[in-house]
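Biologist: Can you walk me through this one? I'd like to start with the backbone and then look at the interface.

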Amino acid sequence: MREPSRASSTTSAVERIQISRDGYIRLLPATFSKLPLVHLISGLEEEPDSAALSSGARVSAIVGYTEWVTTESPAITIGWDWQLGASGGSASCARLGEVRSNVMLVDAEGYDLGPQRSSELLGTAIDDMPWSDQVLSAIRDRY
Amino acid sequence: MQVVSGTAAGLPPGLYPQVASYRHEVFVRRLGWQLQTPEGIELDQFDRPDTVYIIAREDDGSITGCGRLLPTTQPYLLGDVFPQLLHGLAPPCTPDIWELSRFCAVDLHERVNTPMGQFSSPVTVQLLKAALACAAAEGAQRLITVSPLGVERLLRRAGFHAHRAAPPIIVDGHPLFACYIEVEPCSGNTSQ
(Lines give C-alpha, C1' and ligand atoms only; values in the text may rest on other atoms or scores of the structure.)
Protein backbone atom coordinates (compact mmCIF):
# COMPACT_ATOMS: atom_id res chain seq x y z
CA MET A 1 0.00 0.00 0.00
CA ARG A 2 1.34 3.37 -0.93
CA GLU A 3 1.94 5.94 1.71
CA PRO A 4 1.91 9.63 0.98
CA SER A 5 5.44 10.93 0.60
CA ARG A 6 4.54 13.85 2.78
CA ALA A 7 1.46 14.86 4.61
CA SER A 8 -0.87 16.92 2.50
CA SER A 9 -2.32 19.92 4.19
CA THR A 10 -4.23 23.07 3.57
CA THR A 11 -1.34 25.37 4.42
CA SER A 12 -0.23 28.03 1.99
CA ALA A 13 2.13 27.43 -0.91
CA VAL A 14 5.00 29.15 0.86
CA GLU A 15 4.59 27.03 3.98
CA ARG A 16 4.49 23.83 1.96
CA ILE A 17 7.91 24.23 0.38
CA GLN A 18 10.37 22.04 2.18
CA ILE A 19 12.95 19.60 1.05
CA SER A 20 12.46 15.88 1.49
CA ARG A 21 15.11 13.48 2.64
CA ASP A 22 15.68 12.30 -0.92
CA GLY A 23 16.43 15.86 -2.07
CA TYR A 24 13.13 16.46 -3.81
CA ILE A 25 10.81 19.35 -3.07
CA ARG A 26 7.30 17.97 -3.22
CA LEU A 27 4.55 20.19 -4.57
CA LEU A 28 1.07 20.09 -5.97
CA PRO A 29 1.03 21.03 -9.66
CA ALA A 30 -1.13 24.05 -8.86
CA THR A 31 1.35 25.21 -6.24
CA PHE A 32 4.21 25.10 -8.72
CA SER A 33 2.29 27.18 -11.23
CA LYS A 34 1.97 30.01 -8.71
CA LEU A 35 5.65 30.17 -7.77
CA PRO A 36 7.64 33.17 -8.99
CA LEU A 37 10.56 31.84 -11.03
CA VAL A 38 13.63 34.00 -11.51
CA HIS A 39 15.96 33.60 -14.45
CA LEU A 40 19.38 32.27 -13.46
CA ILE A 41 21.36 31.60 -16.63
CA SER A 42 20.81 30.75 -20.26
CA GLY A 43 23.34 29.59 -22.77
CA LEU A 44 23.79 28.10 -26.17
CA GLU A 45 24.25 24.38 -26.41
CA GLU A 46 27.96 23.67 -26.46
CA GLU A 47 27.74 20.22 -27.97
CA PRO A 48 24.58 20.42 -30.06
CA ASP A 49 25.37 17.33 -32.07
CA SER A 50 25.36 15.10 -29.01
CA ALA A 51 22.78 16.50 -26.66
CA ALA A 52 19.84 18.73 -27.44
CA LEU A 53 19.67 17.65 -31.04
CA SER A 54 18.67 14.18 -30.03
CA SER A 55 15.61 15.76 -28.43
CA GLY A 56 14.36 16.63 -31.88
CA ALA A 57 16.07 19.85 -32.90
CA ARG A 58 17.09 20.36 -36.51
CA VAL A 59 20.79 20.21 -37.33
CA SER A 60 20.82 23.86 -38.38
CA ALA A 61 18.78 25.03 -35.38
CA ILE A 62 20.02 27.33 -32.66
CA VAL A 63 19.52 25.46 -29.41
CA GLY A 64 20.35 26.20 -25.82
CA TYR A 65 19.47 25.72 -22.21
CA THR A 66 17.94 27.91 -19.56
CA GLU A 67 17.84 27.72 -15.78
CA TRP A 68 15.30 29.28 -13.42
CA VAL A 69 15.02 29.31 -9.63
CA THR A 70 12.86 30.52 -6.81
CA THR A 71 14.43 32.88 -4.34
CA GLU A 72 13.08 31.26 -1.19
CA SER A 73 15.05 28.59 0.66
CA PRO A 74 14.98 25.76 -0.13
CA ALA A 75 15.08 26.96 -3.70
CA ILE A 76 13.27 25.27 -6.50
CA THR A 77 15.51 24.80 -9.52
CA ILE A 78 14.24 24.00 -12.97
CA GLY A 79 15.87 23.96 -16.35
CA TRP A 80 15.07 22.96 -19.89
CA ASP A 81 16.45 23.08 -23.39
CA TRP A 82 15.03 25.35 -26.06
CA GLN A 83 15.16 25.89 -29.78
CA LEU A 84 15.06 29.25 -31.47
CA GLY A 85 12.21 29.77 -33.89
CA ALA A 86 9.89 32.47 -35.12
CA SER A 87 6.45 33.36 -33.89
CA GLY A 88 4.35 36.17 -35.35
CA GLY A 89 7.31 37.52 -37.26
CA SER A 90 9.67 37.74 -34.32
CA ALA A 91 12.19 35.40 -32.77
CA SER A 92 11.05 33.20 -29.92
CA CYS A 93 12.18 30.13 -28.05
CA ALA A 94 10.24 26.90 -27.73
CA ARG A 95 10.94 24.30 -25.08
CA LEU A 96 12.78 21.25 -26.33
CA GLY A 97 12.45 17.97 -24.47
CA GLU A 98 11.88 17.36 -20.80
CA VAL A 99 12.42 19.74 -17.93
CA ARG A 100 14.92 18.93 -15.17
CA SER A 101 14.36 20.03 -11.61
CA ASN A 102 14.38 19.18 -7.94
CA VAL A 103 10.59 19.02 -7.89
CA MET A 104 8.52 15.91 -7.41
CA LEU A 105 4.88 16.69 -8.05
CA VAL A 106 2.31 14.99 -5.85
CA ASP A 107 -1.40 14.43 -6.11
CA ALA A 108 -3.98 15.85 -3.73
CA GLU A 109 -3.36 13.00 -1.31
CA GLY A 110 0.39 13.56 -1.27
CA TYR A 111 1.37 10.60 -3.45
CA ASP A 112 4.31 11.06 -5.79
CA LEU A 113 3.38 11.39 -9.44
CA GLY A 114 6.80 10.03 -10.34
CA PRO A 115 9.75 11.66 -12.09
CA GLN A 116 8.42 11.16 -15.62
CA ARG A 117 4.92 12.47 -14.97
CA SER A 118 6.32 15.32 -12.91
CA SER A 119 8.59 16.32 -15.76
CA GLU A 120 5.68 16.24 -18.21
CA LEU A 121 3.45 18.39 -16.01
CA LEU A 122 6.24 20.82 -15.19
CA GLY A 123 6.91 21.12 -18.90
CA THR A 124 3.28 21.95 -19.55
CA ALA A 125 3.39 24.60 -16.83
CA ILE A 126 6.59 26.06 -18.30
CA ASP A 127 4.99 26.24 -21.73
CA ASP A 128 2.31 28.49 -20.25
CA MET A 129 4.88 30.89 -18.80
CA PRO A 130 6.35 33.87 -20.71
CA TRP A 131 10.04 32.95 -20.51
CA SER A 132 11.18 33.28 -24.12
CA ASP A 133 11.93 37.02 -24.20
CA GLN A 134 14.04 36.82 -21.08
CA VAL A 135 16.05 33.95 -22.47
CA LEU A 136 16.66 35.80 -25.73
CA SER A 137 17.73 38.89 -23.80
CA ALA A 138 20.14 36.81 -21.71
CA ILE A 139 21.60 35.20 -24.81
CA ARG A 140 22.11 38.58 -26.47
CA ASP A 141 23.86 39.89 -23.36
CA ARG A 142 26.07 36.85 -22.99
CA TYR A 143 27.23 36.25 -26.56
CA MET B 1 35.59 -5.12 -20.33
CA GLN B 2 35.52 -5.99 -16.66
CA VAL B 3 34.70 -3.80 -13.69
CA VAL B 4 36.79 -4.11 -10.54
CA SER B 5 35.79 -2.50 -7.27
CA GLY B 6 37.14 -2.25 -3.79
CA THR B 7 39.23 -0.18 -1.43
CA ALA B 8 42.84 0.56 -2.33
CA ALA B 9 44.02 -2.32 -0.14
CA GLY B 10 41.55 -4.69 -1.76
CA LEU B 11 42.38 -3.93 -5.40
CA PRO B 12 44.62 -6.24 -7.44
CA PRO B 13 48.34 -5.45 -7.02
CA GLY B 14 49.45 -2.45 -9.05
CA LEU B 15 45.99 -1.26 -9.93
CA TYR B 16 45.75 1.60 -7.44
CA PRO B 17 48.80 3.48 -8.79
CA GLN B 18 47.51 2.75 -12.29
CA VAL B 19 44.24 4.48 -11.37
CA ALA B 20 46.14 7.47 -10.00
CA SER B 21 48.05 7.75 -13.26
CA TYR B 22 44.89 7.34 -15.34
CA ARG B 23 43.12 10.06 -13.35
CA HIS B 24 46.04 12.40 -13.90
CA GLU B 25 45.91 11.84 -17.63
CA VAL B 26 42.15 12.39 -17.79
CA PHE B 27 41.47 15.16 -15.29
CA VAL B 28 44.74 17.11 -15.30
CA ARG B 29 46.15 16.66 -18.77
CA ARG B 30 43.04 16.30 -20.90
CA LEU B 31 40.38 18.21 -18.99
CA GLY B 32 42.79 20.78 -17.60
CA TRP B 33 41.63 20.67 -14.00
CA GLN B 34 43.86 22.83 -11.83
CA LEU B 35 44.69 20.30 -9.12
CA GLN B 36 47.58 20.38 -6.69
CA THR B 37 49.00 16.96 -7.33
CA PRO B 38 52.39 15.34 -7.95
CA GLU B 39 53.41 15.02 -11.58
CA GLY B 40 51.95 11.96 -13.20
CA ILE B 41 49.45 10.97 -10.53
CA GLU B 42 46.20 12.43 -9.29
CA LEU B 43 45.20 11.73 -5.70
CA ASP B 44 43.71 13.98 -3.04
CA GLN B 45 42.62 13.97 0.58
CA PHE B 46 39.55 11.91 -0.28
CA ASP B 47 41.62 8.97 -1.46
CA ARG B 48 41.63 7.23 1.89
CA PRO B 49 41.70 3.66 3.14
CA ASP B 50 37.89 3.60 3.25
CA THR B 51 37.42 5.03 -0.27
CA VAL B 52 35.81 2.52 -2.62
CA TYR B 53 37.01 2.52 -6.23
CA ILE B 54 35.21 1.32 -9.33
CA ILE B 55 37.47 0.65 -12.29
CA ALA B 56 36.73 -0.47 -15.83
CA ARG B 57 39.54 -2.45 -17.44
CA GLU B 58 40.06 -4.01 -20.82
CA ASP B 59 41.50 -7.48 -21.30
CA ASP B 60 44.96 -6.00 -21.87
CA GLY B 61 44.80 -4.36 -18.44
CA SER B 62 44.32 -0.81 -19.67
CA ILE B 63 41.87 1.33 -17.70
CA THR B 64 38.94 2.79 -19.61
CA GLY B 65 37.03 4.33 -16.73
CA CYS B 66 36.98 4.86 -13.00
CA GLY B 67 35.16 6.47 -10.12
CA ARG B 68 35.33 6.61 -6.37
CA LEU B 69 32.70 6.26 -3.70
CA LEU B 70 32.80 8.01 -0.36
CA PRO B 71 30.34 7.66 2.50
CA THR B 72 28.76 10.99 3.36
CA THR B 73 29.25 10.12 7.01
CA GLN B 74 32.95 10.91 6.45
CA PRO B 75 34.56 13.94 4.76
CA TYR B 76 33.67 14.12 1.06
CA LEU B 77 34.11 16.45 -1.87
CA LEU B 78 30.70 18.14 -1.94
CA GLY B 79 30.52 18.63 1.80
CA ASP B 80 34.10 19.86 2.24
CA VAL B 81 34.98 21.61 -1.02
CA PHE B 82 31.71 22.54 -2.74
CA PRO B 83 29.14 23.11 0.05
CA GLN B 84 28.01 26.25 -1.79
CA LEU B 85 26.35 23.97 -4.32
CA LEU B 86 23.75 23.17 -1.70
CA HIS B 87 22.80 26.83 -1.19
CA GLY B 88 22.84 26.68 2.59
CA LEU B 89 21.32 23.24 2.95
CA ALA B 90 23.22 20.90 5.20
CA PRO B 91 25.38 18.46 3.22
CA PRO B 92 24.01 14.93 3.51
CA CYS B 93 25.51 12.95 6.35
CA THR B 94 23.86 9.58 6.32
CA PRO B 95 24.86 5.97 5.60
CA ASP B 96 22.33 5.72 2.77
CA ILE B 97 23.85 8.50 0.65
CA TRP B 98 27.30 8.01 -0.88
CA GLU B 99 29.21 10.42 -3.02
CA LEU B 100 30.47 9.52 -6.47
CA SER B 101 33.44 11.60 -7.61
CA ARG B 102 36.31 11.47 -10.11
CA PHE B 103 33.98 9.57 -12.38
CA CYS B 104 35.05 9.25 -15.98
CA ALA B 105 35.06 6.82 -18.83
CA VAL B 106 37.78 7.81 -21.25
CA ASP B 107 39.62 5.36 -23.45
CA LEU B 108 43.09 6.85 -23.61
CA HIS B 109 43.66 5.13 -26.93
CA GLU B 110 40.67 6.84 -28.55
CA ARG B 111 41.42 10.07 -30.38
CA VAL B 112 38.09 11.72 -29.67
CA ASN B 113 36.72 11.92 -26.16
CA THR B 114 34.66 14.72 -24.67
CA PRO B 115 33.58 15.27 -21.07
CA MET B 116 29.92 15.23 -22.06
CA GLY B 117 30.22 12.53 -24.68
CA GLN B 118 31.37 10.12 -22.03
CA PHE B 119 27.83 9.62 -20.80
CA SER B 120 26.71 8.19 -24.08
CA SER B 121 29.31 5.43 -24.09
CA PRO B 122 28.50 1.85 -23.10
CA VAL B 123 31.49 1.83 -20.76
CA THR B 124 30.08 4.81 -18.88
CA VAL B 125 26.68 3.27 -18.40
CA GLN B 126 28.15 -0.05 -17.31
CA LEU B 127 30.56 1.67 -14.94
CA LEU B 128 27.86 3.82 -13.41
CA LYS B 129 25.65 0.78 -12.95
CA ALA B 130 28.55 -0.91 -11.21
CA ALA B 131 29.02 2.14 -9.00
CA LEU B 132 25.33 2.08 -8.06
CA ALA B 133 25.49 -1.65 -7.30
CA CYS B 134 28.64 -1.20 -5.27
CA ALA B 135 27.10 1.67 -3.32
CA ALA B 136 23.92 -0.34 -2.79
CA ALA B 137 25.99 -3.14 -1.30
CA GLU B 138 27.35 -0.58 1.15
CA GLY B 139 23.81 0.41 2.10
CA ALA B 140 23.32 3.41 -0.17
CA GLN B 141 19.92 4.39 -1.50
CA ARG B 142 21.27 7.20 -3.66
CA LEU B 143 24.48 8.77 -4.81
CA ILE B 144 25.29 12.43 -4.80
CA THR B 145 27.82 13.94 -7.15
CA VAL B 146 29.23 17.28 -8.26
CA SER B 147 28.87 17.63 -12.02
CA PRO B 148 28.60 20.04 -14.92
CA LEU B 149 24.90 20.70 -15.43
CA GLY B 150 24.83 19.03 -18.83
CA VAL B 151 25.52 15.69 -17.19
CA GLU B 152 22.01 15.66 -15.74
CA ARG B 153 20.45 15.53 -19.19
CA LEU B 154 22.76 12.78 -20.29
CA LEU B 155 22.21 10.70 -17.18
CA ARG B 156 18.48 10.82 -17.64
CA ARG B 157 18.73 10.03 -21.29
CA ALA B 158 20.80 6.98 -20.38
CA GLY B 159 17.94 5.82 -18.17
CA PHE B 160 19.18 6.80 -14.73
CA HIS B 161 16.90 8.45 -12.17
CA ALA B 162 18.87 11.61 -11.59
CA HIS B 163 17.74 14.91 -10.15
CA ARG B 164 19.37 18.01 -8.84
CA ALA B 165 19.86 18.63 -5.15
CA ALA B 166 19.83 22.41 -5.44
CA PRO B 167 20.18 25.14 -8.07
CA PRO B 168 23.36 25.21 -10.13
CA ILE B 169 26.06 27.75 -9.49
CA ILE B 170 28.03 29.41 -12.24
CA VAL B 171 31.77 28.70 -12.30
CA ASP B 172 33.73 30.34 -15.11
CA GLY B 173 30.49 30.86 -17.00
CA HIS B 174 29.44 27.24 -16.77
CA PRO B 175 26.77 25.84 -14.45
CA LEU B 176 27.89 23.28 -11.90
CA PHE B 177 25.47 21.41 -9.66
CA ALA B 178 24.97 18.73 -7.05
CA CYS B 179 23.13 15.76 -8.52
CA TYR B 180 21.38 12.84 -6.90
CA ILE B 181 21.36 9.50 -8.69
CA GLU B 182 18.88 7.07 -7.25
CA VAL B 183 19.87 3.46 -6.61
CA GLU B 184 17.10 1.63 -8.41
CA PRO B 185 17.00 -1.91 -9.80
CA CYS B 186 16.31 -0.73 -13.34
CA SER B 187 18.61 2.28 -13.46
CA GLY B 188 20.33 2.70 -16.79
CA ASN B 189 19.23 1.56 -20.22
CA THR B 190 20.31 -1.99 -20.88
CA SER B 191 20.70 -1.12 -24.55
CA GLN B 192 23.44 1.39 -23.88
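Biologist: Where does A:Pro74 lie in chain A?

Modeller: A:Pro74 is in the loop between strand 3 (63–69) and strand 4 (77–87) of chain A. Helices (H or I, at least four residues) and strands (E, at least two) are DSSP runs, numbered from the N terminus. The peptide bond from A:Ser73 to A:Pro74 is cis, with omega near 5°. Most peptide bonds are trans.

Biologist: What are the ground rules here?

Modeller: This is a predicted model: local features need pLDDT of at least 70, side-chain atom pairs count only at pLDDT 80 or more, and totals for chains, interfaces and linings use all residues. Residues are numbered from 1 along each chain as its sequence is written, chains are lettered from A and ligands numbered from 1 in the order in which they are written, and side-chain values use heavy atoms, leaving out hydrogens and water.

Biologist: Over to chain B. What is phi of B:His87?

Modeller: Near 50°, a positive value in a residue other than glycine. B:His87 sits in the loop between helix 2 (77–80) and strand 4 of chain B.

Biologist: Is B:His87 buried or partly exposed?

Modeller: Partly exposed, with a relative accessible area of 36%. Buried means under 20%, exposed over 50%, partly exposed in between (1.4 Å probe, protein chains only). B:Arg102 also has a positive phi, near 50°. B:Arg102 is in strand 4 of chain B and counts as buried at 8% relative accessibility.

Biologist: How enclosed is strand 3 of chain B?

Modeller: 9 of the 9 residues of strand 3 (residues 63–71) are buried, so the strand is largely enclosed by the rest of the structure.

Biologist: Which strands does strand 3 of chain B pair with?

Modeller: Strand 2 (residues 52–57) of chain B pairs with strand 3 in the antiparallel sense over 6 bridges. Strand 4 (residues 97–104) of chain B runs antiparallel to strand 3, joined by 5 bridges. Pairing takes at least two DSSP bridges between two strands. B:Arg68 in strand 3 stands opposite B:Tyr53 and also opposite B:Ser101 in strand 4.

Biologist: Now the interface. How many residues are in contact?

Modeller: 28 residues of chain B contact 33 residues of chain A. Contact means heavy atoms within 4.5 Å.

Biologist: How many salt bridges are there between chain B and chain A?

Modeller: The count is 6. A salt bridge is a side-chain nitrogen of Lys or Arg within 4 Å of a carboxyl oxygen of Asp or Glu. One of them joins B:Asp96 and A:Arg21 (2.9 Å, N to O).
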